Amino acid sequence: MSEKTVNSPAIIIGVICLILLILFAAWLTFFIITMGHEHRIVSSVANLKLIGLGLRQYAIDSENFLPVEPGAKGFKKLMDMQIMTDYEIFISLRDGKAVKGNAGSFTEKNTSYVYIGAGLQEGKYQDEDKIPVAFEKPRFAKRSISILYMDGHVSGFSDVNAKTCVDVVEFCRAKYNPVDPVWHILLANARFIDKTSRIK
């Protein structure tokens, strides 16, 4: 009977290849998960920029005033005036609860975003690049949140730790100009939305 010899270099190479394959699979899984998350954030930022353009057009048509009702009712004005017609823009890929609205019905459940710009007038404030007018609902965004400002730009923050709309406004207020009277309007709108809708 002949004995079978074990080729130890082949075993070592096989083990190394197996380890490399496992590491590659782990890296690929991490990459796919990370890119999916990044894609959802980028999509939400794009939606907010489009909403910002819609708000700017509304102001042009309304003597520089933004929609006068906070929350989904303010967004609905953009659709009522045919400024925005794609209801999908109001839903973030990060939000698993919001459902697409339609012309007959558009409520808080049909949007992933919060509108707090009611009562503001474009051109009236010195620092429009520091005045938030809309943002992702804290219900799903929590620590990492994208915020649309009055001048139309969107910024993302990963240190917000917000549970309510008031938390997001207070975060922005502390970051920028806490004494400007505009914050009283924004906080009143945020309190109204927190009280009348299910955003948590």
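How many bridges join strand β3 to β4? The legends below take this up, starting with the sheet. The model is a predicted one, in which local features need pLDDT of at least 70 and side-chain atom pairs count only at pLDDT 80 or more, while totals for chains, interfaces and linings use all residues. Residues are numbered from 1 along each chain as its sequence is written, and side-chain values use heavy atoms, with hydrogens and water left out.

**View 1. Four strands make an open antiparallel sheet in the order β1-β2-β3-β4.** Strands here are DSSP runs of E with at least two residues, and helices are runs of H or I with at least four, numbered from the N terminus. Two strands pair if DSSP finds at least two bridges between them. At the edges lie β1 and β4 (154-157), each pairing on one side only. From one strand to the next the twist averages 25°, with axes taken as lines fitted to C-alpha atoms and angles running from 0 to 180 degrees between N-to-C directions.

**View 2. Strand β3 (residues 145-149) is joined to β4 by four bridges, and the two run antiparallel.** Strand β2 (residues 132-136) pairs with β3 over three antiparallel bridges; F135 has I147 of β3 as its bridge partner.

**View 3. Both faces of β3 are covered.** On one side sit I145, I147 and Y149, and on the other S146 and L148, all buried (under 20% relative accessible area with a 1.4 Å probe, protein chains only; exposed is over 50%, partly exposed in between).

View 4. Most residues other than glycine have a negative phi. Q82 counts as exposed because its relative accessibility is 61%.
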